[in-house]
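Biologist: Before we discuss any single feature, could you show me the chain and then take me through how to read it?

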Amino acid sequence: MSRKSDRDDLDTETTFANMNVEGFRWYDPSRKNGKREKRKVDRKEYRQMVRGAFAAILPFFLIFLASVGVVGLLMYLWLS
């Protein structure tokens, strides 16, 4: 049986204070007061992102439709 490492539960995303302090090696002057520069996405990139999201969801949707069809067919055969 393997033991779970403490590093698996380590949360590295949650911040309680602004650690962007001048003098630290990770200091980024463009990140003042926690505001990041937002990247503009043009229409072509947006459509590609939406198409990718649909392509990721499509297999789950098809499996759901197939399972509903199988259950419906079984109910029809059983109840007729």
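Modeller: Let us begin with burial, keeping in mind that this is a predicted model: of the 80 residues in the protein, buried ones make up 1%. The accessible surface comes to about 8,800 Å², and carbon and sulfur atoms account for 60% of that area.

Biologist: How many helices and strands does the protein have?

Modeller: The protein has one helix and zero strands. That helix, H1, covers residues 43-79, and its 37 residues reach 51 Å from the first C-alpha to the last, which is close to the 54 Å expected at 1.5 Å a residue.

Biologist: Where in H1 does the kink lie?

Modeller: The kink, of about 35°, lies at Ile-57, shortly before the proline Pro-59. Ile-57 also contributes to a nonpolar surface patch of about 680 Å², which is made by this residue together with Leu-58, Phe-61, Leu-62, Phe-64, Leu-65 and Val-68.

Technical notes:
Residues numbered from 1 in each chain as written. Predicted model: local features only at pLDDT ≥ 70, side-chain atom pairs only at ≥ 80, totals over all residues. Heavy atoms only, no water. Helix = DSSP H or I, 4+ residues; strand = E, 2+ residues; numbered from the N terminus. Buried < 20%, exposed > 50% of the residue type's maximum accessible area, 1.4 Å probe, protein only. Areas by Shrake-Rupley, 256 points an atom, 1.4 Å probe, with all protein chains shown as cover. Patch = residues over 30% accessible without salt bridge, like charges linked within 9 Å, V, L, I, M, F, W, Y side chains within 5 Å. Salt bridge = Lys/Arg side-chain N within 4 Å of Asp/Glu carboxyl O. Expected span 1.5 Å × (residues − 1). Bend = angle between axes of the 7 residues up to and from the residue.
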